[in-house]
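Here is a quick walk through what sits inside this protein. Have the sequence and the 3D view open as you read.

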Amino acid sequence: DISGNWSAQTTASEIWLVAGPGATLSGVLKIDDGAPPIHIKGFEITAHIDVEALAPLEIADCKFRDASSSSRRLLEEDEEAVPALIVRNGRTMITNSDFEGLERAIHVQGGSLAIADSTFRRNRNSIYVTNGSTIIANTTFTASQGTALHVIGGDVMLKDQTVLLGDNQQTNLNISDGARVRYELPAPLGRYAFIQDSSG
């Protein structure tokens, strides 16, 4: 129940979207420059979220799913998958969230993305980085159909128990020339990170 005066001149200093039981966020959520800080908590998300705002976006306790997974069609060879989340600017923080069954979960084009305590399962491609800064901590990637982490540009740091699990049929980590990927210890026991070049 909301009371008070609301008009075209009403502005928000901060927005909280908090889900009730079984709530779903769907459609397209475009967060343009000039938007206030936004917090999204507890939703099943089938929406495509496009972040251009400089103000922070915090996503917590959410489950990202493909709305069309029951009738998934194969993409044409030259067709680009629409990511569940595009980070173009600002600061986006994701905690305790789950990305499953997506063509492309996240595309980082700029700004900064921090992910912690999350899981990526059965995505075709989990995270695609072309620019900006990405930090991933205590997060597990399993059974990607394509690449768990594809870094074309920008700066990526894997830290604090992050694990990329796969088999011989998939590429977990693909790093292009000019991109930077670092693994900050501690790594999980019994695991190793393959260094693609001689940089160490």
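## Ground rules

This is a predicted model, in which local features need pLDDT of at least 70 and side-chain atom pairs count only at pLDDT 80 or more, while totals for chains, interfaces and linings use all residues. Residues are numbered from 1 along each chain as its sequence is written, and side-chain values use heavy atoms, with hydrogens and water left out.

## The core

Let's start with the nonpolar core (buried Ala, Val, Leu, Ile, Met, Phe, Trp, Tyr and Cys residues joined through side-chain atoms within 4.5 Å). Buried here means under 20% relative accessible area, with exposed being over 50% and partly exposed in between (1.4 Å probe, protein chains only). The largest such core holds 37 residues, and Ile40, Ile45, Ile49, Phe64, Ile106 and Ile127 have the most contacts inside it. In soluble globular proteins, nonpolar side chains tend to be buried together.

Take Ile127. Setting aside neighbours within four places in sequence, Ile127 is in contact (heavy atoms within 4.5 Å) with Ile106, Ile115, Phe120, Ile136, Phe141, Ala148, Leu149 and His150.

## Stacked rings

The whole structure has three aromatic pairs. To pair, rings of Phe, Tyr and Trp (its six-membered ring) need centres within 6.5 Å; planes under 30 degrees apart are stacked, over 60 edge-to-face, and the rest tilted. Phe99 and Phe120 are stacked, at 4.6 Å centre to centre and 5° between the planes. Phe99 is in strand E11 (residues 98–100) and Phe120 in strand E14, so this pair ties together parts 21 residues apart in sequence. Strands (E, at least two residues) and helices (H or I, at least four) are DSSP runs numbered from the N terminus.

Phe120 also stacks with Phe141, at 4.7 Å and 10°. That pair links distant parts of the chain, with Phe141 in strand E17 (residues 140–142). Phe120 and Phe141 are both buried, and Phe99 has a relative accessible area of 0%. Ring pairs join Phe64, Phe99, Phe120 and Phe141 into a cluster.

## A buried asparagine

Where does Asn123 sit? Asn123 is in the loop between strand E14 (119–121) and strand E15 (125–129), and is buried at 0% relative accessible area.

What does the side chain of Asn123 make a polar contact with? One partner is the side chain of Ser126, at 3.4 Å. A polar contact is a pair of N or O atoms within 3.5 Å; within protein, one must be able to donate a hydrogen and the other to accept it, and residues adjacent in sequence count only if both atoms are side-chain atoms. A polar atom of the Asn123 side chain also lies 3.2 Å from the backbone nitrogen of Gly101.

## A charge over a ring

Finally, Arg104 lies over the face of Tyr128, 4.0 Å from the ring centre. The cut-offs are NZ of Lys or CZ of Arg within 6 Å of the ring centre and within 35 degrees of the ring normal.
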